Amino acid sequence: MKSSEIRALFSVVSRPEVVSLAGGMPAVTALPLDAVGSMIGDLVSGMGAQTLQYGSGQGDPRLRERICDVMALEGITDASPSEVVVTVGSQQGLDLVTRVFIDPGDVILAEAPSYVGALGVFQAAQAEVRHLEMDDDGLIPEALEEALKASRAAGERVKFLYTVPNFHNPAGVTLSEPRREAIVALAEKYDLLIIEDNPYGLLGFDHEPIRALRARNDERVIYLGSFSKTFSPGLRVGWVLAPLAVREKLVLATEAQVLCPPSLTQYAVARYLDTQPWREQIKIFTELYRERRDATLESLTALMPPGTTWTKPDGGFYVWLKLPHGLDAKLMQPRAVAAHVAYVPGIGFYADGQGREYMRLSYCFPEPDRIREGVRRLARVIEAELELHATFDAVDTGTFRLPRPTATDAPPIIGPANSDQTGDHA
Amino acid sequence: MNDSAGAAAAAPAAATDTGARAEHPLRALVLAGGLTFEREVSLSSGGQVMEALHRSRVDAELLDADSELLPGLAAHPADAVFIALHGATGEDGALRAVLDLAGVPYVGSPAAACRLAWDKPAAKSVVRGAGVTTPDWVALPHSTFRELGAGAVLDLIVARLGLPLMVKPASGGSALGAQKISRVEGLPAAMVSAFAYGDTVLVERFVEGVELALSVVDLGQGPEALPAVEIAPESGVFDYTSRYTPGLTEYHTPARVSGAVAARAAEVALAAHRALGLADLSRTDAIVSADGDVHFLEVNVSPGLTETSMFPMALEAAGYELGDVLVRLLARRAAAGSDR
């Protein structure tokens, strides 16, 4: 199935009849919309001369100061606003970093699986992505060291490690404290640059944020941050924190791309951080996501057929589900669409065609009851697919006879007409 | 083509009622979207239809086939409905049966004929009965393979039909779930893929040849075969991507076939249209084998009307304008009312 077919299947996902466990859309309606609305109205009516005007390519200085306050929550206490570049979402930050560092053919190390939006950027830059194994504690340092050794032996240039250490998209796991130390030590040992992409770090359910990789090393780590999950993805405000020499190149690159990030949304974020109880709002978000995570995990446990396994995130948006042996999440998708449930097939989260047996489930957007209904539908889809595989997997085509010629006037061979019931056949 | 027919028909009230009601412009409802895999294609078809109708100054509204549809129809009655839905509901006759119940006139084939055409094996059997060649086939539900043993059944299929084979869902369009199988090793996986789209799979002998799209339109003088559109996908396979990505497939209208083959293709399209009881418009997909025979593959009661679709190409080649044809079809149904 090609990407255009996937898009076709996804065209029904926006319909209310379908439970979408596919999109990673933050629950923005949990924001105090009236307060945000009047705040943005004031920014235009009272400060239009600034908020509707071009701004600095590096981003509004006031916002960059507040970004440093936000990063301090994850242990980054030495960042200077001069090292911050405001970007159009952290996605643009990732694109800038990739443009600055990557030449065609360069090697990028990334987790297996990895964020699909990053893989798209890396592919556009013609980089070669090597995936590194993860487990419930995130990226495995030994796998990183092995890959570094292998690349060095092969004379390849590893330009950087791209990692999402907190509540990984799509895997849902978090890099443990000891592994953070080990990975930063490996970066020193092998002269490795790390791109730390951290949009979900403040969305933990059970514990305070773990200190960022950047908090442990300010020379080898470029940090990408975002307000998409803590405030609003529609404002498209993210940032890059990078050493000054790199920052200079990033500013030149962003000026070439967008001249400057949008002034109005930067002012909106700065004003929001200045005047609204944003830490409390993050708590509201995490409580909401925790409830949805619980609904997801409880119904998965109750309903999934044996052989299905999944990660148990303690923050963020995603569960990474592994199907019973032999099933292919992408090939199963038409059945799921017919059953009115949607997910993202795992194959998109790999640069090398792995991941057919995986899918990403997002619990951030649907209400708990809808999540339970979606998981119920998904379980039926998987069961139906298991039955199908039970029928066809054991077929040994090696024992087939050769085709024998038939008379051209052979009577038609007709199966049962009208036996195909359309609609939900899961 | 006869322009006066379209102009006169654009005011249906005047044609049937000279006194009680004031003359009003044709009011059409276009249905597009739906909850099938072909939603995206349908929305694209619906968009083209809306544009064409607006160019023809028809008062047209676009609605999805959801719970808003029947209340919407009741609140704002349309003179006639155009169904640009692809896939189930729109093409399997179900929605048309509901429109019949509601007494709303619609363009296209009646519900029962759609049900027959939607079921590809049933349609092949009827069309073969009308003297048209169609590749040998077998259509079986999953339960048959499960109960009799998939290996034994597939072995029989290969022994009887040979290779290569086409494996496809027994219903549904846009080539979704369809695969050509040249080596027997790929057959079980192709079955699994096709069964993801529906409970019955059609396996037919693959016929090598030139692929043709044969459109039929009936503007009141009986079904008329339009020039055949020849399909030459760059990849060699006319799959979903080749269908809807501009530039990936070359189309030749009229098809680069002999006069005799073109004539036979027109006969095949008309025979299928008539044998299945279709009305107003249809598109038959066919293959011309090396010996010049035209093989019926399947028929579409709601042909795609997107920018890369074959039905509009055929209309254009025949000198028709899409908007004008739509207006004439709608006006005729509006004038006839719900009585089919």
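**Close-up 1. The loop that holds B:Pro254.** In chain B, B:Pro254 sits in the loop between β11 (249-252) and α12 (259-275), where helices (H or I, at least four residues) and strands (E, at least two) are DSSP runs, numbered from the N terminus. A cis peptide bond, with omega of about -5 degrees, joins B:Pro254 to B:Thr253. This is a predicted model, in which local features need pLDDT of at least 70 and side-chain atom pairs count only at pLDDT 80 or more, while totals for chains, interfaces and linings use all residues. Residues are numbered from 1 along each chain as its sequence is written, and chains are lettered from A and ligands numbered from 1 in the order in which they are written.

**Close-up 2. The cis peptide bond between A:Ala112 and A:Pro113.** Omega of this bond is about 0 degrees, and A:Pro113 belongs to the loop between β3 (107-111) and α5 (116-124) of chain A. Most peptide bonds are trans, and most residues other than glycine have a negative phi.

**Close-up 3. A:His340, a residue with a positive phi.** Although A:His340 is not a glycine, its phi is about 65 degrees, and its place is the loop between α11 (333-338) and β13 (341-342) of chain A. A:His340 is buried (20 or more other C-beta atoms within 10 Å of its own, with C-beta atoms placed from the backbone), because 22 other C-beta atoms lie within 10 Å.

**Close-up 4. B:Arg57, a residue with a positive phi.** The phi of B:Arg57, which is not a glycine, is about 60 degrees, and B:Arg57 lies in the loop that runs between α3 (39-55) and β2 (59-63) of chain B. B:Arg57 counts as exposed (12 or fewer such atoms), because 12 other C-beta atoms lie within 10 Å.
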